[in-house]
Amino acid sequence: MNTPRITYQRIKGESPAYLGWLGALGLLIVLGLASAWTMEHHGHVITGMSNRIVWGLPHVFAVFMIVAASGALNVASIASVFGQSAYKPLAPLSTLLALALLIGGLSVLVLDLGRPDRLIVAMTTYNFSSIFAWNIYLYVGFIAVGVVYLWMMLERRMNAYTKPVGVFAFIWRLALTTGTGSIFGFLVARQAWDAAIMAPMFIALSLAFGLAVFLVLTIAVSRQTERELGPVLLRRLARLLGIFAAVVLYFAAAQHLTNLYAAEHAAVERFILFEGGIYTALFWLGQIGIGGVVPLVLIFAPQLKSSAKTVMWAAIAVIIGGFAQLYVIIIGGQAFPQILFPGRIVESSFADGGIAAYAPGLPELGLGLGGVALALAIVTLAITVLAVLPTTMADTD
Amino acid sequence: MTHAPDRSRRAFLAAAGAVTGLALAPGVTLFAPAMARPAGTAASDKVRWGLLIDLNKLDDGGAKGVAACSAENGWTAAEGSTTDARWIRMVKVTNPANKTVQTLPMMCQHCAEPPCVDVCPTGASMKRADGIVLVDKHTCIGCRYCVLACPYGARSFIHEPLTGQRSHAPRGKGTVESCTLCVHRVDSDREPACVEAYGGSARGTMVFGDLNDPASDISKLVATYATQQVRPDLGTRPGVWYRGLA
C-alpha cells in the first residue's frame, strides 16, 4: 500500500477551554450520580415510572448510547474491514468513542436497576434463555474486543492484526445490536414490539446514531484542536450519514406499513401514528421530520454546501430524531395497553385497557445526562493519555 | 467453706431436655398436616397446581379474594395507583356486542411456559416443579424485564421502601413480585387465601387443585364444562382457568 504513514498524537489538554469542558462534564457526572443515589434511596417512586411504564427515560438514554456505540465503530470497520484507507486516520477515535458510549450507556442501565448493588449477581448467575443474559456477554465482550482492536491500531508492531481483529469486532457489533433490538422483538406481551424487524432495524439505527455522534465529535475536535478536517472526507462521511438516515426511514416505513396491513395491529398503529399525543408528535416531528427529512435535505440538497457546520447540524438532527424514535418505541410501546381480552373493553383501577400516563422525573433526566457526560469525559480524558488523534485530518491526496 | 449448688448438672439436664424436645418437635409436627410436603424435599413435577374461577358463582368480581390476598401477603394498593404492588386485581371486561359486563380477578396465571421466566437474566423469575411461578428475592436485580414480558400485567416492581412484611412473603424495594399462589400455604397443605375467602374449593367459586390429577375436582371441572384460559393464543398455557366468561 502506498498510503502515507499516519501518525497519531496526544493532546496536551491544558487549555482553559479544555479544562472548562472537562469541569462541566464532571459536574454533570456528579449530578447523574446524585440522581442515581436519590432513586436508590427513595425508590423509583420519585421517577415518572410505574408498573405500567417500567422502563423510562434512563432506558431511552441507555439504549441510545449502547446502539450508538456499535455504530460509532463503523468508521474503523470501513477502514480495516472494507479497506477504505481514507477513513483510517479516524479509526482509533471511532473505536474510542464506541467504548466510551457503551460504558456510558451501561452505567445508566445499571444505575437504573432496582438493585444495582446486586450487579455481582447479574455477572455470576445466568439464565441463558434470556436475551438480557446474552447481552451481558455481548456488551462486556464488546468492551474487550474494542480495547484489543484499539491496541492493534495504535501499536505499530500489532498493526498487521488490525484487519482480522477488525472483522471480528464488526461481526461482534452486529451481534450486539441484534441482541439489543431483540430485547424488544422477543416480547409477545407488547403489541408495539413483538416483531423480528426490531433486530435489523436496531442495526440500522446504530449505523445512523453512531455515525452522527462520531461526526459531531470529530467536527468539534477538529475545531478545538485546529486540525482541518478534509472536505472530501467530510463529504463522504456526510453522504454516508444521509444514506443511513434514509435506511432508518425505510425501516420505519416497513415496520409501520406491515403493522397497518394486519388488522390486529390497527389499534397500536392508530395510537402511535395518529392519536398518541406526545408519541405521535415525537414520531412525526422528531423521528421522521428532524431525524429523517432534515438531515437528508441538509446533506443532499444541491443548494447547500456540505460545510462542517451543515454536516454538524445534520448529525445533531439525526441524534435528536434518534432520541425521539427510541422514546416512541420504548415508552410509547409500554403506554399502549396490553390486550388481555381481544375484542373486549377492559378497565381496572390499574388502568388496564387505557393509555398509561408517563412524564419523566428529574432524577431520570439527571441520570441520563450523567451517562452522556461520562461517555464524553472518557473520550476527553483518553485523547490526552492515548495517541488517538491523527496529526492531521486533511485529505490525503 | 460453703456448699455451692451443682449448677453444671442442672444446666446439663436442661440442655438435654431442650435437645430432646428439638429433636422430637419436627417429627411431631409432621403428623399434623399429613399431605404437606416435608421441609427440605423438592417440589414434585407430578403435581401441577392450578386455579379455577367460576364467574357464575363469583358475586363480587373478586373483591373478597383481593382483600384476603392483601391481608395474607401484606401488600396494599391505593385505588388507581400504578406504583403500588398488586398481586391480584379486579378487571372489568365488557363485550361491546351485547354489552355484557363481567368483573373478574386477574393475577399471575402460573403459566406452563412463562415468558417472565424466559426473559429473566439471572433466573430469579422461576417456575417451581409443581407449576408455581415465583421470584427469588435474593437474585432479582430489579431490571423489570419480566414486568414487560408478562402478557397479563401481573407483576409489580416495588417502587418504595416497605415495612412490616410477612415472614412468609419476603418483599423489598427494588425487586419484582407477584402472586405466589400462596406457596407457603400450599406447602403446608392449605389452600390459597383467595380460595379460602370464597369458602374453599368445595364451594366451587374458586377451586384450587392439581391439574395433573384427572381425579381432582379442578381437572374434572375443566374437563366437563366450558372453561377457558386468558390469551391461550400466546401459548403460555396458564394454570388459571375461568368458567363462565361471556
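Two strands are said to pair if DSSP finds at least two bridges between them. Helices (H or I, at least four residues) and strands (E, at least two) are themselves DSSP runs, numbered from the N terminus. The model described here is predicted; local features need pLDDT of at least 70, side-chain atom pairs count only at pLDDT 80 or more, and totals for chains, interfaces and linings use all residues. Residues are numbered from 1 along each chain as its sequence is written, while chains are lettered from A and ligands numbered from 1 in the order in which they are written.

The bridge at A:S348 belongs to a pairing across the two chains. Strand β2 of chain A (residues 345–348) is joined to β2(B) by four bridges, and the two strands run antiparallel. Within chain B, seven bridges link β2(B) and β3(B) in the antiparallel sense, and one bridge pairs B:V93 with B:Q102 in β3(B).

What does the wider meeting of the chains look like? Two residues are in contact if their C-beta atoms, placed from the backbone, lie within 7 Å. By this rule, 45 residues of chain B are in contact with 38 residues of chain A. On the chain B side, the elements that give two or more residues are β2 (88–94), α3 (115–119), α4 (145–149) and β6 (156–157). Of these, β2(B) gives the most, with six residues. Sorted by class, this side of chain B has 22 nonpolar, 14 polar and nine charged residues. Here Ala, Val, Leu, Ile, Met, Phe, Trp, Tyr, Cys and Pro count as nonpolar, Asp, Glu, Lys and Arg as charged, and the others, Gly among them, as polar.

Chain A can now be viewed as a whole. It has 13 helices and three strands. For its 397 residues, a compact globule would have a radius of gyration near 21 Å, and the 21 Å of chain A agrees with this; the radius is taken over C-alpha atoms, and the globule rule is 2.2 Å times the number of residues to the power 0.38. Its C-alpha atoms fill a box of roughly 70 × 50 × 40 Å, taken along the principal axes. A residue is buried if 20 or more other C-beta atoms lie within 10 Å of its own, exposed if 12 or fewer, and partly exposed in between, with C-beta atoms placed from the backbone. On this count, 49% of the 397 residues of chain A are buried. Among contacts in chain A between residues at least 6 apart in sequence, 79% join residues at least 24 apart.

The buried residues of α11(A) include A:F283, A:I290 and A:P295. These buried residues of the helix pack against α9 (231–261), α10 (266–275) and α12 (308–335) of chain A.

Chain B has seven helices and 10 strands, and 43% of its 246 residues count as buried. It also holds an open sheet of four strands, in the order β8-β1-β10-β9, with mixed pairing. Strand β1 (residues 49–54) of chain B runs parallel to β10 (residues 240–243), joined by four bridges, and pairs with β8(B) in the antiparallel sense over five bridges. B:L52 illustrates both pairings: B:L52 stands opposite B:W241 in β10(B) and has B:V207 as its bridge partner in β8(B). Five of the six residues of β1(B) are buried.
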